[in-house]
Amino acid sequence: MATSTTAINIGIDDANRGKIAEGLSRLLADTYTLYLKTHNFHWNVTGPMFQTLHLMFETQYNELALAVDLIAERIRALGYPAPGTYSEYARLSSIPETEGVPKAKEMIRLLVEGQEAVVRTARSIFPLVEEVNDEPTADLLTQRMQVHEKTAWMLRSLLEE
């Protein structure tokens with residue numbers, strides 16, 4: 001249910017805005033979970049690729065930190081509250097937490113999986129967004145998919161022998 005006391009009349013009915021906000025909430029949860037995982041790996045990576053991975057992970061978590069704000073603000077613009085607790089993110093996210101401190105190569109593999117999971121979540125929202133002509137959300141989703149697909153490719157390239 002929308003939280004605004006003033007009616008929202010942007011050409012998308014409340015039911016569809018709610019469904020889009022639900023999808024974006026899952027995207028926000030995935031993005032925040034990936035942010036936390038990437039930041040954790042930045043802090044804890046070791047080994048011969050330390051410098052490269054430490055800097056790469058920092059670039060990635062900084063980008064993710066900006067992305068969560070964009071996604072949350074779109075949810076708010078649609079008239080719904082953005083989830084903002086770890087318990088909500090754990091319930092909504094498709095990305096599992098990683099226990100312990102994996103080796104560098106496993107960190108890379110886990111981040112590829114996380115990047116691809118975000119893409120799948122974003123892509124799953126697209127049919128409804130296109131159906132109701134929600135161009136701002138479509139633009140956001142397109143940009144997020146581009147970033148995550150490129151990042152997954154770059155990470156995968158580090159796993160090549």
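Helix H1 covers residues 14–44, which is 31 residues. Helices here are DSSP runs of H or I with at least four residues, numbered from the N terminus. From its first C-alpha to its last, H1 reaches 44 Å, close to the 45 Å expected at 1.5 Å a residue. The expected span is 1.5 Å times one less than the number of residues. At the start of H1, a side-chain oxygen of Asp13 comes to within 3.2 Å of the backbone nitrogen of Ala15.

This is a predicted model: local features need pLDDT of at least 70, side-chain atom pairs count only at pLDDT 80 or more, and totals for chains, interfaces and linings use all residues. Residues are numbered from 1 along each chain as its sequence is written, and side-chain values use heavy atoms, with hydrogens and water left out.

Now the packing. Two packed helices are described by the angle between their axes and the distance between the axes. Axes are lines fitted to C-alpha atoms, for helices over the stretch in contact, and angles run from 0 to 180 degrees between N-to-C directions.

Take H1 and helix H2 (residues 50–77). Their axes come within 8 Å and cross at roughly 160°. That makes H1 roughly antiparallel to H2, a term for angles over 145 degrees. The residues of this contact divide into 17 nonpolar, seven polar and two charged. Nonpolar means Ala, Val, Leu, Ile, Met, Phe, Trp, Tyr, Cys and Pro; charged means Asp, Glu, Lys and Arg; the others, Gly among them, are polar.

H1 also packs with H4, at an angle of about 170° and with axes 10 Å apart. H1 is therefore roughly antiparallel to H4. Their contact has 14 nonpolar, nine polar and four charged residues.

Last, H4 (residues 104–131) meets helix H5 (residues 135–158). Their axes come within 9 Å and cross at roughly 160°, so H4 is roughly antiparallel to H5. The contact (heavy atoms within 4.5 Å) includes Ile108 and Phe126 of H4 and Leu141 and Met145 of H5.

Conventions. Helix = DSSP H or I, 4+ residues; strand = E, 2+ residues; numbered from the N terminus. Polar contact = N/O pair within 3.5 Å; in protein donor to acceptor, adjacent residues only side chain to side chain. Parallel < 35°, antiparallel > 145°, perpendicular 65-115°, else oblique.
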